[in-house]
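Subject: Structure for you to look at, with notes

Hello,

I am handing over the structure that we spoke about, and I would be glad if you could read the notes with the model open beside them.

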Amino acid sequence: MIAIIDYGVGNLFSLKSSFAAIGADTVVTGDPAIIRSAEKLVLPGVGAFGDAAALLRRNELDKLIKEEASTGKSLLGICLGMQLLFDYSLEYGRHEGLGLIPGSVRPIGDYIPQGYKIPHIGWNALHFPAGKPVSPLFRHIREGDCVYFVHSFCGTECRESVIASAEYGAELTAAVAHENVYGVQFHPEKSGDVGLNILRAFCAL
Amino acid sequence: MITKRIIPCLDVKDGRVVKGVNFLGLADVSSPVKLAKFYSGCGADELVFYDITASAEGRALFTDILTEVASTIFIPLTVGGGINTVDDFDRVLKCGADKVSVNSGALRDPSLISAAAKKYGNQCVVLSVDAKRVDGQFRVFAKGGREDTGLDAIEWIKSGVANGAGEIVLNSIDTDGVKAGFDLEMLKAVCDVVDVPVIASGGAGCIEHFKTLFHSLPKVDAGLAASIFHFGEVSIPDLKRELAADGITMRL
């Protein structure tokens, strides 16, 4: 069973439906006992980093997620959920993250040239870093496949962990992995068959 | 690079797709779920559902349908029609919509845009505008294009974006239904004043019209159409392939 961690941020309907579509058994929960008993964890999230991090701390889910990740359990952060895996974010002030993946989160505007619209919203192609084996998360998709993005901030100082990027006037971090912890900036639950194939690969990790 | 988007639009009344859909090989052409699956399989980049129901019963059916669509297909969904309050946003977002399109509701109460943007984020709020040339001006029309509001479309769109609209759908009444191409002049006037995505609507009749749209107005992000897709006059896979071959970034 996969626990989709519910800490009061965003709508988890599509995420749960997309796992159901590939036959995966999920529970949307904030219950520590269920999260502990789950085989894998998904950390979703939309909205502001500071609010989300505060909600995780208020429910003491931050400690629990770190403990569970340290047991080797696979964890997938999605969108803001990915950003929360980093050490800190500079979205409207400095906010501490979970520190599960080395790096930080900064405004896209710091990296891309003028004339590019913010947020980075729409379908964009994934590029895998040269000289690295393709991540098992992408075993069912191909370089150049498109996924759906909606974000104004992005993961930085995380070159070692990048498993995919997207070109938007600059190379934006699209996905990261560090040991058993994975994060995707895009929305696999809104990325058609490519997205479902990424979730399928996560289920099989 | 971000791809240009091709978006079919479905009008739903009392839980069924209306305005004549005519596909070869699709038995139940008025089932929103089957059509959504069909379009998603064809490579549509997003779907727009307009609820044209007037009754409360029809509205409840619409959310049931939306829930079913959102649990079956996994591409971005935009919902419009009958969105007058932040509660209406809530109602359709809970059913799996990603973006909500406002038109008459925002004309009646412009603060709806800022209230919804504050609660759900700008990326969630789509301002849909029906515009037509009147006395040398692009004028906003309400009630499905029947009523001249007297508002200048460019000013209305500028203020909508300033208040938090994250995307604009511009439907030109002048070119709608004529199938002679998108309203490039009106679209350019909008693209010149906003820096959020602009979706062109009204006038597409063939693949060539989409080529002209994206080549002449690089700031347009998407092309939306209904009947030419529904009647199979333009097939989405052919359209996307031809656009890609013509140098336009597409998701294939």
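Predicted model: local features only at pLDDT ≥ 70, side-chain atom pairs only at ≥ 80, totals over all residues.

Residues are numbered from 1 along each chain as its sequence is written, while chains are lettered from A and ligands numbered from 1 in the order in which they are written.

**Where the chains meet**

Chain A gives 23 residues to the contact and chain B gives 21 residues, where two residues are in contact if their C-beta atoms, placed from the backbone, lie within 7 Å. On the side of chain A that touches chain B, two or more residues come from each of helix H1 (13-21), strand S8 (120-125), strand S9 (146-151) and helix H6 (192-203) of chain A; here helices (H or I, at least four residues) and strands (E, at least two) are DSSP runs, numbered from the N terminus. The largest share of that side, 5 residues, belongs to H1(A). Sorted by type, the residues on the side of chain A that touches chain B are 10 nonpolar, 9 polar and 4 charged, with Ala, Val, Leu, Ile, Met, Phe, Trp, Tyr, Cys and Pro counted as nonpolar, Asp, Glu, Lys and Arg as charged, and the others, Gly among them, as polar.

**Two sheets in chain A**

One open sheet of chain A has 7 strands in the order S2-S1-S3-S4-S13-S12-S11, with mixed pairing, and two strands are said to pair if DSSP finds at least two bridges between them. Strand S2 (26-29) and strand S11 (162-167) of chain A each have a single partner strand, so one side of each is left without a neighbour in the sheet. Ignoring direction, neighbouring strands of this sheet are turned by 20° against each other on average. Within it, strand S1 (residues 2-5) and strand S3 (residues 40-43) of chain A run parallel and are joined by 3 bridges, and A:Ile2 has A:Lys40 as its bridge partner in S3(A). Helix H4 (residues 61-70) of chain A lies across S1, S3, strand S4 (74-78) and strand S13 (181-184) of chain A, and runs at about 140° to S3(A); axes are lines fitted to C-alpha atoms, for helices over the stretch in contact, and angles run from 0 to 180 degrees between N-to-C directions.

Another open sheet of chain A is formed by 4 strands in the order S6-S5-S7-S10, again with mixed pairing. Its edge strands are strand S6 (95-96) and strand S10 (153-156) of chain A, each of which pairs on one side only. Strand S7 (residues 104-107) of chain A is antiparallel to S10(A), over 4 bridges, and A:Phe153 in S10(A) is the bridge partner of A:Pro107. By contrast, strand S5 (residues 88-89) of chain A runs parallel to S7(A), joined by 2 bridges, and A:Tyr88 stands opposite A:Ser104 in S7(A).

**A helix of chain B**

Which residues of helix H1 (residues 32-42) of chain B are buried? They are B:Pro32, B:Leu35, B:Ala36, B:Tyr39 and B:Ser40, where a residue is buried if 20 or more other C-beta atoms lie within 10 Å of its own, exposed if 12 or fewer, and partly exposed in between. The buried residues of H1(B) pack against several elements, including H6 of chain A and helix H2 (56-70) of chain B. H1(B) is followed by B:Gly43, which has a positive phi, near 100°.

B:Ala225, in strand S11 (residues 220-225) of chain B, counts as buried because 25 C-beta neighbours lie inside 10 Å. B:Val193, in the loop between helix H7 (184-191) and strand S10 (198-201) of chain B, is exposed, with 11 other C-beta atoms within 10 Å.

Best wishes
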